[in-house]
Amino acid sequence: MADKAPLLMLVTSASQMGQGQQTGLWLEEFAVPYLAFRKAGIELVIASPRGGKIPVDPNSIPTDEQKAQWQDAIAALQDTLPLERVWERDYSAVFVPGGHGTMFDMPDIPLVAGVLERTWASGGIVSAVCHGPAALVSARKEDGSPLVQNLSFTAFTNEEEREVGLDTAMPFLLQSRLEELGGKADIGERFSVKVVRDGQLITGQNPPSSAATAEAVLAALND
């Protein structure tokens with residue numbers, strides 16, 4: 001895949017929820033796809049809204065075994081590029097891992113929407129897992145309609161959010177917001193693997209879907 005444009009992994013910079021509770025990136029949702037993309041020989045660009053070291057959700061701290069398996073991915077999060085420096089590059093795909101942090105920065109940053117829109121318009125893959133689809137909220141197609149309008153998607157569901165007790169801590173419920181924008185929710189069982197591809201859009205429902213979402217992106221890049 002050396003002849004392809006790089007893949008952008010876009011991760012949250014947000015370390016706190018609205019009430020000051022710690023949050024950030026859900027590590028598994030970055031580490032597992034990162035290693036899958038690297039194994040496939042894909043050139044990666046790792047960026048975040050603010051650049052620098054990425055906050056990791058305390059609830060996703062790895063075990064010692066995972067730390068050993070994920071050491072290269074963890075190292076890649078220590079000094080990410082600021083999105084403003086790389087958003088205008090050409091990408092074969094953008095992949096947005098989740099973590100509740102994405103709910104607090106991704107929807108409101110114009111350059112997040114900008115890089116998704118540029119990639120979409122050029123025929124690239126736009127992909128996200130769990131809360132990563134929060135990045136889709138402000139993204140628009142070239143005709144000005146919401147990027148998710150009339151497209152099937154999955155994301156961390158309203159039911160899953162309520163089960164983890166954070167539905168009232170969120171600025172909005174992600175599934176509901178994407179449905180309000182005209183997206184067609186395709187929801188699996190709670191905390192089970194679920195990936196949806198609708199053309200250029202590839203989404204995964206939750207942390208257990210991380211590997212399968214990455215596999216779907218790799219398959220799409222080989223189409």
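**Notes on the sheet and the aromatic contacts**

1. In this predicted model, V96 has A128 of strand β5 as its bridge partner. The strands concerned are β4, which covers residues 93–96, and β5, which covers residues 125–129; they run parallel and are joined by four bridges.

2. Taken as a whole, the sheet is an open one of seven strands, arranged in the order β3-β2-β1-β4-β5-β9-β8, and its pairing is mixed. Strands β3 (81–82) and β8 (195–198) stand at the edges with a single partner strand each, so that one side of each is left without a neighbour in the sheet.

3. Turning to the aromatic rings, a search of the whole structure gives three aromatic pairs. One of them is formed by F37 and F95, whose arrangement is edge-to-face, with 5.5 Å from centre to centre and 80 degrees between the planes. This pair links distant parts of the chain, since F37 belongs to helix α1 (residues 27–39) and F95 to strand β4, the two being 58 residues apart.

4. Are the two partners of this pair buried or exposed? F37 has a relative accessibility of 0% and therefore counts as buried, the cut-off for that term being under 20%. F95, for its part, also counts as buried because its relative accessibility is 0%.

5. A further contact that may be checked in the display involves a charge and a ring: the charged end of R177 sits over the ring of F172, at 4.2 Å from the centre of that ring.

Conventions:
Residues are numbered from 1 along each chain as its sequence is written. This is a predicted model: local features need pLDDT of at least 70, side-chain atom pairs count only at pLDDT 80 or more; totals for chains, interfaces and linings use all residues. Side-chain values use heavy atoms; hydrogens and water are left out. Two strands pair if DSSP finds at least two bridges between them. Rings of Phe, Tyr and Trp (its six-membered ring) pair if their centres lie within 6.5 Å; planes under 30 degrees apart count as stacked, over 60 as edge-to-face and the rest as tilted. Buried means under 20% relative accessible area, exposed over 50%, partly exposed in between (1.4 Å probe, protein chains only). A charge sits over a ring if NZ of Lys or CZ of Arg is within 6 Å of the ring centre and within 35 degrees of the ring normal.
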